Amino acid sequence: MEALKRVIGVVLILIAAIVAIHTVIEPLYHTSSDAQPYSSAWNWINWLSAISIILGLIFSYIRMSRAGENASGPEFIAANTLFYGFLFTAILFFWNWFGLHNTETFTAASADVRSLVWILFDALHPLLSGALGAHLLRSSASE
């Protein structure tokens with residue numbers, strides 16, 4: 001199990017780095033237009049984000065359930081923040097991602113709202129994935 005935790009930790013950190021770096025550098029190489037507001041790299045990065053969200057939900061739930069009510073204050077807060085943060089980003093991500101694939105019939109939000117949701121997700125998700133990945137690496141090394 002410790003080797004799996006290390007691998008998952010590295011995967012989460014790598015995906016966090018990919019999302020964060022691409023979010024920052026995309027304006028340097030991609031010229032947005034109405035037809036293509038985002039670069040095509042997001043087609044691949046979104047799949048990586050979906051994988052990291054699923055892994056994040058699983059491993060942050062395990063951490064939260066192990067912490068329980070008997071955990072120290074900081075551990076309880078960290079475990080709950082990670083789990084509920086991953087839930088929040090999962091809702092934002094999947095709502096926006098599924099909406100991208102159904103733009104003709106799902107018009108509840110404008111393109112500006114969708115862009116804002118992506119910005120929020122792209123800023124928050126690397127922090128959560130990186131923090132959980134670092135925790136998994138630390139906890140597997142200490143056990």
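How many salt bridges does the count come to? The count comes to two, where a salt bridge is a side-chain nitrogen of Lys or Arg within 4 Å of a carboxyl oxygen of Asp or Glu. The structure is a predicted model, in which local features need pLDDT of at least 70 and side-chain atom pairs count only at pLDDT 80 or more, while totals for chains, interfaces and linings use all residues. Residues are numbered from 1 along each chain as its sequence is written, and side-chain values use heavy atoms, with hydrogens and water left out.

Side chains of opposite charge can pair when their charged atoms come close. Helices here are DSSP runs of H or I with at least four residues, numbered from the N terminus. Lysine 5 is buried at 7% relative accessibility, whereas glutamate 2 is partly exposed at 23%. Buried means under 20% relative accessible area, exposed means over 50%, and partly exposed lies in between (1.4 Å probe, protein chains only).

Glutamate 75 and arginine 63 also meet in a salt bridge, at 2.9 Å from N to O. Glutamate 75 belongs to helix 3 (residues 73-100) and arginine 63 to helix 2 (residues 41-67), so this pair ties together parts that are 12 residues apart in sequence. Glutamate 75 is partly exposed, at 26%. Arginine 63 is buried, at 12%.

Aromatic rings form 11 pairs in the structure. Rings of Phe, Tyr and Trp (its six-membered ring) pair if their centres lie within 6.5 Å; planes under 30 degrees apart count as stacked, over 60 as edge-to-face and the rest as tilted. Phenylalanine 93 and phenylalanine 94 have ring centres 5.0 Å apart and planes at 80 degrees, so they are edge-to-face. Phenylalanine 93 is buried, at 0%, but phenylalanine 94 is partly exposed, at 22%. Tryptophan 97 and phenylalanine 98 are stacked, with 6.2 Å between centres and 15 degrees between planes. Here tryptophan 97 is buried at 8%, while phenylalanine 98 is exposed at 53%.

A nonpolar core is a set of buried Ala, Val, Leu, Ile, Met, Phe, Trp, Tyr and Cys residues joined through side-chain atoms within 4.5 Å. The largest has nine residues: Ile8, Leu12, Leu55, Phe59, Leu82, Phe86, Leu128, Leu132 and Leu136. Helix 1, helix 2, helix 3 and helix 4 (111-142) each give two or more residues to this core. Helix 4 gives the most, with three. Leaving aside neighbours within four places in sequence, phenylalanine 86 contacts residues including Ser52, Gly56, His125 and Leu132. Contact means heavy atoms within 4.5 Å. A second, separate core has seven residues, among them Ala50, Phe93, Trp97 and Phe121.

Threonine 89 is found in helix 3. This threonine is buried, at 0% relative accessible area. Not counting residues up to four places away in sequence, threonine 89 touches Ile53, Phe121, Leu124, His125 and Leu128.
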